[in-house]
Amino acid sequence: MRLAKYLAQCGIGSRREACRLIEAGRITLNGQIARHTDPIRLDESLNCLDSIELDGAPITKTETLAYWILNKAVGTDCRLLEQDETSLIRLLPKAPRLYPVGRLDKDSRGLLLLTNDGELTHKLMHPSFAHSKTYHVRLDRPFTDEFVEQMASGVQYKEVRTLPCQVTRLSAMSFEIALTQGLNRQIRRMSSALGYKVIDLQRVSLMTLTLESLAEGAMRPLTQQEVAVLKAAVTI
């Protein structure tokens, strides 16, 4: 098994985060600074036969996989920074270690999936899988039907041309948009390029997951059925 994949299964984060740790020289394998190409030896019970450490602390076994959903409030920063009073890390339990699947901007709110399942995180975040996320957006003024058509067909800003997406008007100043891309501040930048400012942005669904009645700022574990349905959708 590749080192990054094993680290993701150990619950330290996604494969991408594991790769960052390896690149930073924070992972050692059998006493040596680890490399991306290093394989991990497993026995028949899938127990690791190698000595792996993160910042000198042994990684001895995989954690029990956990899946939670959070209705993030505006003002919560998704970066896990210990020194930041607004960081998401202050809302998370000490165990199991949970990590957000992607991010919501500090000034955005809504559904955030939290898990230590690095394989699922990889599949949900990697652009090649093109999984859907749906948002409700309110602008600073009424918009035209032409705006809806332009948003749906793709918007050019800086060096980026966004992919076609689904856009539905909800009211004179609000709309629903379903994206398969995950560009930084994408909806805000798309709207700005067309002359509008986003006043409120809420993620209402991620693939098969929805907020339903979950209060803002609250979090809960997913049910076994929700996890099964999500994983089945991801593998389609």
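Which residues have the most contacts inside the largest nonpolar core? The views below come from a predicted model, in which local features need pLDDT of at least 70 and side-chain atom pairs count only at pLDDT 80 or more, whereas totals for chains, interfaces and linings use all residues. Residues are numbered from 1 along each chain as its sequence is written, and side-chain values use heavy atoms, with hydrogens and water left out.

**View 1. The largest nonpolar core and valine 137.** Val137, Phe175 and Ile177 have the most contacts inside this core of 28 residues, a nonpolar core being a set of buried Ala, Val, Leu, Ile, Met, Phe, Trp, Tyr and Cys residues joined through side-chain atoms within 4.5 Å (buried: under 20% relative accessible area, 1.4 Å probe, protein chains only). Among the elements that each supply at least two of its residues are β8 (133–139) and β12 (174–179), strands being DSSP runs of E of at least two residues, numbered from the N terminus. Beyond its neighbours within four places in sequence, valine 137 is in contact (heavy atoms within 4.5 Å) with residues including Met173, Ile187 and Asp200.

**View 2. Lysine 133 in strand β8.** Lysine 133 is buried but has no salt bridge, and aspartate 105, the nearest side chain of opposite charge, is 12 Å away; a salt bridge requires a side-chain nitrogen of Lys or Arg within 4 Å of a carboxyl oxygen of Asp or Glu.

**View 3. The open sheet of four strands.** The strand order is β2-β1-β3-β4, with antiparallel pairing, where pairing requires that DSSP finds at least two bridges between two strands. Two bridges join β3 (residues 52–54) to β4, and leucine 54 has alanine 57 as its bridge partner in β4.

Definitions and conventions: Buried < 20%, exposed > 50% of the residue type's maximum accessible area, 1.4 Å probe, protein only. Lys, Arg positive; Asp, Glu negative; His and termini not counted.
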